[in-house]
Amino acid sequence: MRTQVVIVGAGPAGLMLGRLLQQAGIDAVIVERRSGDHVLSRIRAGVLEHGTAEVLRDLGLGARMEREGFVHDGVNLAFLGRRLHVDFADLVGRPVIIYGQTEVQHDLYDAMDDRDVPVVDEALDVTPHDVETTAPYVTYTRDGEERRVDCEWIAGCDGYHGVSRSVIPTDVLRTHERVYPFGWLGILSETPPVDDELIYANSERGFALCSMRHKMLSRYYVQCPLDTDTDDWPDDRFWEELRARLPDDVAAELVTGPSIEKSITPLRSFVAEPLRHGRLLLAGDAAHIVPPTGAKGLNLAVSDVVYLADALADHLSGGSTTGVDQYSESALLRVWKAVRFSWWMTTMMHRFPNASDDFDRKLQEAELTYLESSEHARRAFAENYTGLPFNPPS
Ligand code: APR
Ligand code: PHB
């Protein structure tokens with residue numbers, strides 16, 4: 001088989017890139033290790049930046065999001081027993097949209113069926129070859145048979161544990177990493193959300209987040225030690241701990257019920273560079289990871305592939321290499337700002353174990369009370385949370 005671009009991975013980055021390329025008249029094939037059902041069942045975050053929502057609309061994928069998503073004009077930060085509302089509408093004039101990544105993934109998958117970008121699922125041993133030449137190819141095994149796809153470019157959209165990043169020689173690839181000494185224990189429950197908007201809570205007992213998917217589906221998290229076992233957290237214990245981390249007036253409103261999902265997420269910041277090696281280009285979680293505190297993971301995957309699709313279209317339709325040459329630098333400029341925001345928010349909102357004195361705690365209080373007292377600070381928060389522009393002046 002021959003195509004212009006082989007996309008490795010059918011997560012949000014891979015599917016969206018496929019769709020963007022198809023709109024630009026470029027042929028692509030997506031090869032995915034897991035089954036379609038598996039890919040569609042993963043539960044991830046649920047906040048779409050304003051710019052992400054715009055991209056989905058431009059791609060003709062906005063209809064269900066408009067119908068079933070919720071426009072949020074702000075978020076709440078809870079600390080010292082009180083609540084600060086950050087009003088996005090007022091501060092930056094743009095909202096975020098609450099719409100689960102699982103739903104985005106569904107919409108993208110359905111669009112692929114419609115528009116005929118082949119998605120080969122259950123492709124085993126996917127391997128990029130000859131990326132340092134102008135004739136790269138990808139091999140994989142399906143139904144026990146080895147297959148080969150020749151192409152001009154390979155897009156590594158295969159997530160943090162994918163194969164693509166490992167193709168870049170170790171003396172070329174640089175990685176930057178921060179591992180946080182805690183995780184998030186999260187549940188989904190078919191109960192009404194405790195508030196109309198999200199609440200990020202910094203408490204003596206650790207961080208908590210009240211989020212939602214829709215009117216009768218809540219998503220809650222509590223910070224937990226890394227070695228936490230979900231078996232040790234029956235629902236009653238989770239609800240009790242969550243309540244204890246929320247301001248009293250919020251805790252009093254919490255409606256509890258059986259969880260329908262319970263899982264643990266470790267927190268890490270990670271950036272690999274460069275994002276291009278020869279004819280291989282990395283995008284999304286294959287290139288970077290952020291802790292979920294700023295809800296940036298999916299949004300960064302989207303901005304990467306918007307840059308990448310433009311760059312590939314320039315090259316494949318007109319022969320210009322400027323876009324592909326600049327892809328790594330322009331994408332990373334935005335990535336690092338989101339890495340900074342996610343790190344900052346994580347640091348401000350969590351309890352760090354082993355802190356030897358209360359210096360860090362006092363700094364957190366200073367950050368939070370500064371946000372409370374300064375509209376400038378809140379505007380900077382709102383600007384970052386709702387999403388920085390895709391093409392800032394450099
Ligand atoms: N071969 C083929 N496919 C692979 C391989 C491989 N060796 N390894 C991984 N994959 C697939 C995975 O099964 C998955 O479907 O690549 C896809 C990567 O998808 P994601 O992990 O969702 O990454 P990405 O598309 O970059 O999306 C980023 O997802 O993890 C969240 O927080 C993150 O929201 C962000 C978004
Ligand atoms: C979620 O709803 O799962 C969610 C929301 C906001 C975050 C992280 C996760 O920052």
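Predicted model: local features only at pLDDT ≥ 70, side-chain atom pairs only at ≥ 80, totals over all residues.
Residues are numbered from 1 along each chain as its sequence is written, chains are lettered from A and ligands numbered from 1 in the order in which they are written, and side-chain values use heavy atoms, with hydrogens and water left out.

Colleague: How many residues are around ligand 1?

Modeller: A residue is near if one of its heavy atoms lies within 4 Å of the ligand. E32, R42, Q101, D285 and L298 come nearest.

Colleague: Which polar side-chain atom lies 2.6 Å from an oxygen atom of ligand 1?

Modeller: Polar contacts are pairs of N or O atoms within 3.5 Å. A backbone N or O atom of P12 lies 3.2 Å from a ligand 1 oxygen, and one of A13 lies 2.9 Å from such an oxygen. The side-chain atom at 2.6 Å belongs to E32.

Colleague: Which helix gives the most to the shell around ligand 1?

Modeller: Helices are DSSP runs of H or I, at least four residues, and strands are runs of E, at least two, numbered from the N terminus. α1 (12-23) and α9 (297-318) each supply at least two shell residues. With three residues, the top contributor is α9.

Colleague: What share of the accessible area of ligand 2 does the protein cover?

Modeller: Take the contacts before the area. Oxygen atoms of ligand 2 lie 2.7 Å from a side-chain N or O atom of Y200, and 2.7 Å from one of R213. Accessible areas use the Shrake-Rupley method with a 1.4 Å probe. Of the 280 Å² that ligand 2 has on its own, the protein covers 99%.

Colleague: Which strand gives the most to the shell around ligand 2?

Modeller: 14 residues surround ligand 2. β15 (208-214) and β16 (217-224) each supply at least two of the shell residues. The one giving the most, with three residues, is β15.

Colleague: Which residue in the turn between β10 and β11 has a positive phi?

Modeller: Two strands pair if DSSP finds at least two bridges between them. β10 (residues 137-142) and β11 (residues 145-150) pair antiparallel over six bridges, with T141 opposite E146. They form a hairpin with two residues between them. The turn residue with a phi of about 50° is D143.

How values were computed:
Polar contact = N/O pair within 3.5 Å; in protein donor to acceptor, adjacent residues only side chain to side chain.
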